[in-house]
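Trainee: I am new to this structure and would welcome a close look at a single part. Could you take one part and then describe its surroundings?

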Amino acid sequence: MCGIVGIVGSTPVNQSIYDALTVLQHRGQDAAGICTLESNRFRLRKANGLVRDVFEAKHMQRLQGNVGIGHVRYPTAGSSSVSEAQPFYVNSPYGISLAHNGNLTNAADIRETLFEQTKRHVNTTSDSEILLNVLANQLAQSQTYPISPNDIFKAVGDVHNIVKGAYAVVALVIGHGLIAFRDPNGIRPLCLGKREENGQIEYMVASESVALDAVGFDFMRDVSPGEAIYITFNGELYTQQCALNPQLNPCVFEFVYFARPDSFIDKVSVYGARLAMGTKLGEKIKREWADIDIDVVIPIPETSCDSALEIARTLDKPYRQGFVKNRYVGRTFIMPGQQMRRKSVRRKLNAIRSEFKDKNVLLVDDSIVRGTTSEQIIEMARDAGANKVYLASAAPEVRFPNVYGIDMPSANELIAHGREVDEIGKLIGADGLIFQDLSDLVAAVAEGNPDITLFETSVFNGSYVTGDVNQQYLDYLDALRNEDSKLQSELQQDLASLELYNEGM
Ligand SMILES: O=P(O)(O)OC[C@H]1O[C@H](OP(=O)(O)OP(=O)(O)O)[C@H](O)[C@@H]1O
Ligand SMILES: NC(=O)CC[C@H](N)C(=O)O
Ligand SMILES: [Mg+2]
């Protein structure tokens with residue numbers, strides 16, 4: 001999913017950006033980067049790995065400056081090579097550094113026109129580097145220096161007209177300020193906060209409100225779909241709607257899985273949404289499984305815990321933490337490669353036998369995507385002596401690829417693709433399987449903010465809000481990014497050792 005952060009401060013921002021990235025780590029575990037600006041020079045450190053491993057004391061010391069941006073990466077385009085870690089940098093015009101959460105759906109077309117029309121070369125296979133070059137090219141159209149807030153907003157409006165897909169973006173423009181914007185559908189989250197430091201107002205933008213909490217910024221508001229925020233390095237804040245037909249369609253999967261429960265996205269408490277998902281699924285279980293005898297409700301940690309608690313309450317059954325999570329293993333779903341994901345489930349979760357022995361257990365997960373987790377967990381529950389093993393998913397069947405920043409490019413890799421519930425249940429070895437209805441999932445999230453009338457729900461119903469995704473594009477994406485293709489291209493990347501990036505230290 002990727003997490004982004006940007007701060008315009010009046011004191012050094014390196015530590016605040018680092019701390020913010022650590023609380024956004026759940027959005028991307030593959031690479032991390034920070035770019036600060038000191039005396040008109042960018043300082044950049046990015047590498048593969050977790051935040052705590054990427055930034056050593058020597059890097060932090062060199063990341064000087066009172067403004068900066070940061071990124072944690074979960075690759076959904078290009079490769080996972082270090083050369084595609086973010087922020088990206090381009091030297092003209094002015095010197096721009098950019099970090100992006102989301103995925104462009106017309107990156108390949110733009111790559112061609114960028115070269116033909118502007119002679120801009122994009123050196124990696126990352127869609128984010130393309131986005132940076134589109135922004136740079138539009139900023140270069142302005143004839144005045146320094147460019148005005150209106151010029152900045154005009155450039156962002158042009159970007160909206162050129163790129164398609166999902167994008168929440170932060171960028172630093174030397175000599176000017178920090179720009180942040182969200183795509184016209186608001187698919188990926190972005191919020192704005194401020195704090196007062198020595199009598200001066202400092203601003204921060206971040207993927208999730210939890211990042212503001214962690215470094216002492218007060219939440220101001222969500223960035224609107226299509227809107228751009230421009231904060232000059234003197235601390236002046238300008239905002240403007242830059243899209244012609246903005247319409248909020250936040251990704252519903254953020255609420256199911258990606259975001260942290262203590263975040264608010266588009267005024268919805270992620271925790272509250274997960275509780276409501278549990279209540280609604282609990283009611284469905286009561287309706288449809290009246291004759292099934294359940295002794296205990298057990299979550300599959302960690303994301304499903306909040307929903308499972310509500311399911312147990314609705315069913316009036318005990319809730320037990322029957323699986324212990326190894327806190328040193330990260331999220332398995334966002335690991336690159338199926339082999340690594342498979343191996344990690346058993347390293348991550350272990351059963352407490354007494355909670356399973358001779359019991360009919362209802363396991364709860366937030367979602368079943370490739371089925372990697374559920375298949376192994378059901379086996380573990382049986383090994384631990386369970387009598388019957390039922391499984392409930394707080395999200396509906398994931399049947400369609402995601403093109404907006406979740407790495408599910410291939411329908412064939414999704415366990416529910418082309419399968420009915422019974423068949424999926426058999427494949428993962430469950431005695432019974434039940435999914436949330438899509439209408440209930442949407443209602444559960446919308447309870448938190450009834451003003452949201454539309455959600456991006458393509459993985460459940462195949463309806464893509466940007467209107468440009470057809471079967472031809474999905475076939476192209478599948479061929480490009482299915483497991484086999486990714487393995488091949490990663491191998492080639494290794495051989496080429498394409499480590500051309502401006503580390504600056
Ligand atoms: O069907 P799958 O392909 O296995 O994907 C779904 C699983 O992956 C995620 O867990 P993950 O381990 O990533 O993170 P968590 O600890 O936040 O639950 C999610 O919560 C499900 O458990
Ligand atoms: N998950 C994301 O937001 C990824 C951002 C970008 N598409 C990349 O692959 O680096
Ligand atoms: Mg999980």
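Mentor: In this predicted model, the sulfur of C35 lies 16 Å from the closest cysteine sulfur, that of C2, which is too far for a bond. A disulfide would require the two sulfur atoms to be within 2.5 Å, and by this rule the count comes to 0 disulfides. C35 is buried, with a relative accessible area of 2%. C305 also counts as buried, at 14% relative accessibility.

The strand β2 spans residues 31-38 and belongs to an open sheet of 7 strands, in the order β3-β2-β4-β1-β10-β9-β11, with antiparallel pairing. At the edges stand β3 (41-48) and β11 (218-222); each has a single partner strand, so one side of each is left without a neighbour in the sheet. From one strand to the next, the twist averages 15 degrees. Within this sheet, β9 (residues 191-197) and β10 (residues 200-206) run antiparallel and are joined by 7 bridges. Across that pair, L192 stands opposite V205 in β10.

The helix α1 packs on the sheet, where it touches β1 (3-8), β2, β4 (67-73), β9 and β10. The direction of α1 makes about 20 degrees with that of β4. Of the 10 residues of α1 (residues 14-23), 7 are buried, so the helix is largely enclosed by the rest of the structure. The buried residues in α1 are N14, S16, I17, Y18, A20, L21 and V23. An α-helix has 3.6 residues a turn, so residues three or four places apart point the same way.

Key:
Residues numbered from 1 in each chain as written. Chains lettered and ligands numbered in written order. Predicted model: local features only at pLDDT ≥ 70, side-chain atom pairs only at ≥ 80, totals over all residues. Heavy atoms only, no water. Buried < 20%, exposed > 50% of the residue type's maximum accessible area, 1.4 Å probe, protein only. Helix = DSSP H or I, 4+ residues; strand = E, 2+ residues; numbered from the N terminus. Pairing = 2+ DSSP bridges. Axes fitted to C-alpha atoms, helices over the stretch in contact; angles between N-to-C directions. Contact = heavy atoms within 4.5 Å.
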